[in-house]
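Subject: Structure handover

Hello,

Here is the structure I promised to pass on. Please open it alongside this note; my findings follow below.

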Amino acid sequence: MRRWGVPAAPWQPAVAQLSPLLDWTDAVHLAQALSSGDAAATDPIELRPLHTAAQAALHRLGSEMRADFADALLARESSEPLATPLPLADALAPYRLHHAQRQRAMASRVGALRQQLREQLAGSGQPRLRQLAGFDAVFERALAAHASRALAELTARLFGARAERHQQQDALRWRRLLWRDLQDALQAELALRLLPLQGLIEALEHPATE
């Protein structure tokens with residue numbers, strides 16, 4: 001996000017980043033999830049079918065969502081100069097709609113796949129996988145508000161300072177730059193939403209051993 005004028009955040013250990021975002025109820029739920037995995041380690045061979053299926057589902061979802069970000073009509077209109085300058089709010093309306101629709105689709109489809117994978121882990125009969133499913137459920141609930149705030153800030157920047165700057169630079173051709181920024185924002189959000197799924201799948205590929 002350096003191009004957007006957002007400074008890079010200083011590196012912090014994961015514990016230091018998560019601690020302010022978790023309350024005592026989250027700690028209780030994490031302890032409960034931890035106790036559910038007190039048993040023999042899972043044989044990696046037993047996880048291969050689940051890992052393969054989950055990896056394929058993740059790849060398919062990512063490809064379909066990225067393809068959905070592109071709107072041929074809106075992209076073509078964005079590349080064409082305006083005949084006359086438009087009020088910013090009016091010009092932004094179709095972009096806001098496109099962005100909101102894709103955000104809802106991402107939240108729904110990624111959330112559904114994440115829940116499905118958790119249910120498969122919890123029902124596998126493997127204590128380690130039940131533990132993993134429990135951890136993920138706790139972190140999803142605990143970090144939801146933080147993620148929503150971060151995405152809201154990105155949206156505000158996209159349709160606020162960024163759009164205003166583009167329009168000021170070129171009142172007739174600024175929409176092509178906004179379209180590029182919108183695509184970047186959607187790609188960044190998708191990457192953020194897919195991270196937990198990638199973590200679950202990597203854990204299936206490299207389960208803990210005794």
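The axes of helix α5 (residues 88-122) and helix α6 (residues 127-169) come within 12 Å of each other and cross at roughly 170°. That angle makes the two helices, α5 and α6, roughly antiparallel. Where α5 meets α6, the contact holds twelve nonpolar residues, four polar ones and seven charged ones.

Bear in mind that this is a predicted model. Mean pLDDT over the chain is 84. Residues at 70 or more make up 76% of the chain. Among the elements, helix α4 (residues 72-79) has the highest mean pLDDT, at 96. Helix α1 (residues 14-18) has the lowest, at 56.

The overall make-up is quickly told. The chain has seven helices and zero strands. Read from the N terminus, the order is α-α-α-α-α-α-α. Of the 210 residues in the chain, 35% are buried.

How do the axes of α6 and α7 cross, and within what distance do they come? They cross at roughly 170° and come within 10 Å. The pair α6 and α7 is therefore roughly antiparallel, since an angle over 145 degrees counts as such. By class, the contact of α6 with α7 has 16 nonpolar, two polar and six charged residues.

Now the helices one by one.

α5 has 35 residues. Its first and last C-alpha atoms are 49 Å apart, close to the 51 Å expected at 1.5 Å a residue.

α6 has 43 residues. From first C-alpha to last, α6 reaches 58 Å, close to the expected 63 Å. Where is the kink in α6 centred? On Leu143, with an angle of about 45°.

α7 covers residues 175-205, which is 31 residues. At 1.5 Å a residue, α7 should span 45 Å. The C-alpha atoms at its ends are 44 Å apart, which agrees. α7 has a kink too: about 35°, at Leu195, shortly before the proline Pro196.

Arg118 first. This arginine is found in helix α5. Is Arg118 buried or exposed? Its relative accessibility is 9%, so Arg118 counts as buried, the cut-off being under 20%. Phe135 is 17 residues from Arg118 in sequence. In space, the C-alpha atoms of Arg118 and Phe135 are 9.7 Å apart.

Then Ser124. The loop between α5 and α6 contains this serine. Ser124 has 31% relative accessibility and so counts as partly exposed. Ser124 and Leu47 are 77 residues apart along the chain. Their C-alpha atoms are separated by 9.3 Å.

Last, Gln198. This residue is found in helix α7. At 32% relative accessibility, Gln198 counts as partly exposed. Gln198 and Gln55 lie 143 residues apart along the chain. C-alpha to C-alpha, the separation of Gln198 and Gln55 is 8.3 Å.

To recap: α6 is roughly antiparallel to α5, and α6 and α7 are roughly antiparallel to each other as well.

Best wishes

Definitions and conventions. Residues numbered from 1 in each chain as written. Predicted model: local features only at pLDDT ≥ 70, side-chain atom pairs only at ≥ 80, totals over all residues. Heavy atoms only, no water. Helix = DSSP H or I, 4+ residues; strand = E, 2+ residues; numbered from the N terminus. Expected span 1.5 Å × (residues − 1). Bend = angle between axes of the 7 residues up to and from the residue. Axes fitted to C-alpha atoms, helices over the stretch in contact; angles between N-to-C directions. Parallel < 35°, antiparallel > 145°, perpendicular 65-115°, else oblique. Nonpolar A, V, L, I, M, F, W, Y, C, P; charged D, E, K, R; others polar. pLDDT = per-residue confidence, 0-100. Buried < 20%, exposed > 50% of the residue type's maximum accessible area, 1.4 Å probe, protein only.
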